[in-house]
Amino acid sequence: MHILCQLGLFGLFSLFFGTSSGCTRSADNSTYFGPEARQLAAQFPTPEAAKESLLVRARTAAVRLHTDATAEELPHLRQELEISVRALGTIENAAEFPWADWIEESRFTLPELAEQQLLAATHLLPAEESLALCTSCDFREMPAKIRIVAHQTFWQLEPNFAYARGRILLFRESTRARDLLRPMYVEKVLLPCNHPLVEELLLDIATEDSMSPRARNLAVRALGDRKSKDAPPILESLWDTEATNFLVRKEALLVILKLDPERGHHILLDKMPSREIEPGTWQFMKILRQQEGLPVPE
């Protein structure tokens, strides 16, 4: 009953949060649901028949994805699942469907189905209800893909709230073995978003020693792509202090050279390690000196 109980939060959002513009979100739901979904729903004689049949189609595709689908069948089944759930969203009064119940039922056994159900619900429900539903899905035991949808919605609808929830997920929750959630969060939530608060999170991710190495690399690279003015001195500090992750150090120096060549040249000229102690770093910096037209050590 985790989701259903937390939907009591709905009233709180209308009091404390507006619907301020965050990251890109289509204002026209027809773009999300699309003509193919509408045509599929229109094939049934009544809305009730469409609802029952589309629920079966979506669940059948999700079960196959979760059990015995071959590699060749995966793309078709994913498309079948997606279009079936989107078609559900085009039925008359679809916003009144028990989306929270459906997500509660499928979240652990068929997470691909719950992911598509949450996506459809966030495009149908008013902003405050979408935020409440997504908050009810944002807890550590929830499958990663569903949480990613929830956090994408937070950033789209209420960036300040998204920032607070993102910090909890990224820095306060204990990680699981083979942590995939944090790299997914950077790649699928933060990288497509241009809100100023995103850069703050990227800087913190890049410099957090305990963070997933892939998440850190993605964050450092994103700071370069965004031409962050704050990044070069922070990344120089990372270069100076990072002791365990050579790939993060390399990425940091490349971004410094991109954003602040003078600072990067200073690092290459004045912070060259001993060839005997750090041969990999020495060779990397020698190559960069060549590329930058700086004196090359023998």
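Start by selecting N93, which sits in the loop between α5 (74-88) and α6 (99-106); helices here are DSSP runs of H or I with at least four residues, strands are E runs of at least two, and both are numbered from the N terminus. A quick note before going on: this is a predicted model, where local features need pLDDT of at least 70 and side-chain atom pairs count only at pLDDT 80 or more, while totals for chains, interfaces and linings use all residues. Residues are numbered from 1 along each chain as its sequence is written, and side-chain values use heavy atoms, leaving out hydrogens and water.

Back to N93: its phi is near 65 degrees, a positive value in a residue other than glycine. Most residues other than glycine have a negative phi. N93 is partly exposed, at 46% relative accessible area (buried is under 20%, exposed over 50%, partly exposed in between, with a 1.4 Å probe and protein chains only).

Now jump to K227, in the loop between α13 (213-225) and α14. K227 also isn't a glycine, yet it has a positive phi of about 55 degrees. With a relative accessible area of 59%, K227 is exposed.

Next, salt bridges: a side-chain nitrogen of Lys or Arg within 4 Å of a carboxyl oxygen of Asp or Glu. The count comes to 20. Pick R107 and E104, whose closest N and O atoms are 3.1 Å apart; both residues are buried. Then try D138 and R147, which meet at 2.6 Å, N to O, and are both buried too.

How far apart are the closest N and O atoms of D240 and K271? They are 2.9 Å apart, in another salt bridge. D240 lies in helix α14 (residues 231-241) and K271 in the loop between α16 (261-270) and α17 (279-292), so this pair ties together parts that are 31 residues apart in sequence. D240 is partly exposed at 44% relative accessibility, and K271 is partly exposed at 25%.

Last stop, the inside. The largest nonpolar core has 89 residues (such a core is a set of buried Ala, Val, Leu, Ile, Met, Phe, Trp, Tyr and Cys residues joined through side-chain atoms within 4.5 Å). Among the residues with the most contacts inside it is L253. Leaving aside neighbours within four places in sequence, L253 is in contact (heavy atoms within 4.5 Å) with residues including W239, I267, F284 and L288.
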